[in-house]
Amino acid sequence: MASLRRAVAWLDDHAPEIALATTGVTFFLLLLGLYTAAVGAGATCNNTYPGCAGQLSPLGLTLPQFVEWFHRFVAMAVGFVILGNALVLQHRFPGTNASRAGWTALLVLPLQVVLGGTTVTFAGLIEGGYAPPVQSLHFIAAFAIFAALVAATAWAYQRDDRIGPNAPRTALTVGAGAFLAHLLLARDLLLTYTATVQTLYHFTALLGFAALFAALCWNRGLSTRARTAAGAAIGFYLGETALTVGLVLVTTPVELAAYAAAVLALVAAGVAARAHPGRGDQARPTVE
């Protein structure tokens, strides 16, 4: 029992770090899923799930099959991590935004599993199985989990009073820089949209979103202008995402609209970073 109490105490002491690690591995899983789709490996396991090509072992699989198998293996592991994170946040921060966000991520997880299985299992078996709308819903559910975990992490650090006075400014600056890189990596703008470029395109966007969203969750000394601009940047990014993840057919007008949304997201993020007050104007964060 003493060992168990020490373990629980350690988990409580490191709850923010556990939330951060959970967000990090979920971020990696999101990118892995996007890369798997970009290289066309998602439908290579012969409509079998959770194994690949009728087997649970990766031995003997082709390279595309191994990519899909590895994606599924990581997804399973991350699911257990998300469960553990929710339990730790509940024990350390019961009844707070941090714990509620952790549970939100966990509650969306079963939907994500069902959608993931649908995209790779029913290809050719039912109409619309492995199709862009289902893949898009799969991404949207994954994004919702990621967003909830970003919020849980931000609030967990805030509850422990471990947010430095310059953290919001840094987050807003990182968000603006990430959105600039995201724009430069846009489809067929400057670079050929290979699987690697496509993954980096999403990496920079998700990083920018996480940074801006964390700053909004902290809300430490943010001016009204900074909050509005950061929220607008996130809104423009979500609009761009809706145009580029398969919900609509990517035509030339849609592509131009996506470019415009990316530019507006960058401009709004830049305004948010510049509008944020200096250290002397910081207010102490409010926690529930």
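**Exercise 1: two helices side by side**

Find out whether the crossing of H7 and H8 is left-handed or right-handed, and what angle and distance go with their axes.

Solution, step by step:

- Start with the handedness: H7 and H8 make a left-handed crossing (left-handed if the near helix is turned anticlockwise from the far one by less than a right angle, right-handed if clockwise).
- A quick word on what you're looking at: this is a predicted model, where local features need pLDDT of at least 70 and side-chain atom pairs count only at pLDDT 80 or more, while totals for chains, interfaces and linings use all residues. Residues are numbered from 1 along each chain as its sequence is written, and side-chain values use heavy atoms, with hydrogens and water left out.
- Helices here are DSSP runs (H or I, at least four residues), numbered from the N terminus.
- Now the geometry: two packed helices are described by the angle between their axes and the distance between the axes.
- The axes of H7 and helix H8 (residues 224-244) come within 10 Å, and they cross at roughly 150° (axes are lines fitted to C-alpha atoms over the stretch in contact, with angles running from 0 to 180 degrees between N-to-C directions).
- That makes the two roughly antiparallel (over 145 degrees; under 35 is roughly parallel, 65 to 115 roughly perpendicular and the rest oblique).
- Who makes the contact? On the H7 side, look for Tyr201, Ala205, Leu206, Phe209, Leu212, Phe213 and Leu216. H8 brings Arg227, Ala230, Gly231, Ala233, Ile234, Tyr237, Glu240 and Thr244 (contact means heavy atoms within 4.5 Å).
- Sorted by class, the residues of this contact are 11 nonpolar, 2 polar and 2 charged (Ala, Val, Leu, Ile, Met, Phe, Trp, Tyr, Cys and Pro count as nonpolar, Asp, Glu, Lys and Arg as charged, the others, Gly among them, as polar).

**Exercise 2: another helix pair**

Now describe how H2 and H3 pack: what angle do their axes make, and which classes of residue are in the contact?

Solution, step by step:

- The axes of H2 and H3 come within 9 Å and cross at roughly 155°.
- H2 and H3 are therefore roughly antiparallel.
- H2 goes past H3 in a left-handed crossing.
- The contact of H2 with H3 holds 16 nonpolar, 6 polar and 2 charged residues.

**Exercise 3: aromatic rings**

How many aromatic pairs does the model have, and why is the pair of Phe66 and Trp69 called stacked?

Solution, step by step:

- The count comes to 13 aromatic pairs (rings of Phe, Tyr and Trp, its six-membered ring, pair if their centres lie within 6.5 Å; planes under 30 degrees apart are stacked, over 60 edge-to-face, the rest tilted).
- Phe66 and Trp69 have ring centres 5.8 Å apart and planes at 20°, so they're stacked.
- Both sit in helix H3 (residues 63-92), 3 residues apart, which is about one turn of the helix.
- Phe66 is partly exposed at 34% relative accessible area, whereas Trp69 is buried at 16% (buried is under 20%, exposed over 50%, partly exposed in between, with a 1.4 Å probe and protein chains only).
- Next comes a tilted pair: the rings of Phe143 and Phe209 have centres 4.8 Å apart and planes at 45°.
- This one links distant parts of the chain, with Phe143 in helix H5 (residues 132-159), Phe209 in helix H7 (residues 195-218), and 66 residues separating them.
- Phe143 is buried at 12%, and Phe209 is buried too, at 3%.
- Zoom out, and ring pairs join Phe27, Phe139, Phe143, Phe146, Phe179, Phe203, Phe209, Phe213 and Tyr237 into a cluster.

**Exercise 4: residues in H2**

Solution, step by step:

- Pro16 belongs to helix H2 (residues 15-38), and its relative accessibility of 0% counts as buried.
- Leaving out residues up to four places away in sequence, Pro16 touches Phe93, Thr153, Ala156, Tyr157, Asp160 and Arg162.
- The C-alpha atoms of Pro16 and Leu89 are 8.2 Å apart, though 73 residues separate them along the chain.

**Exercise 5: phi in the loops**

Where do Asp161 and Asp188 lie, and what is the phi of Asp161?

Solution, step by step:

- Asp161 lies in the loop between H5 and helix H6 (167-184).
- Its phi is near 55°, a positive value in a residue other than glycine.
- Asp161 is partly exposed, at 41% relative accessibility.
- Asp188 lies in the loop between H6 and H7, with a positive phi of about 55° although it isn't a glycine.
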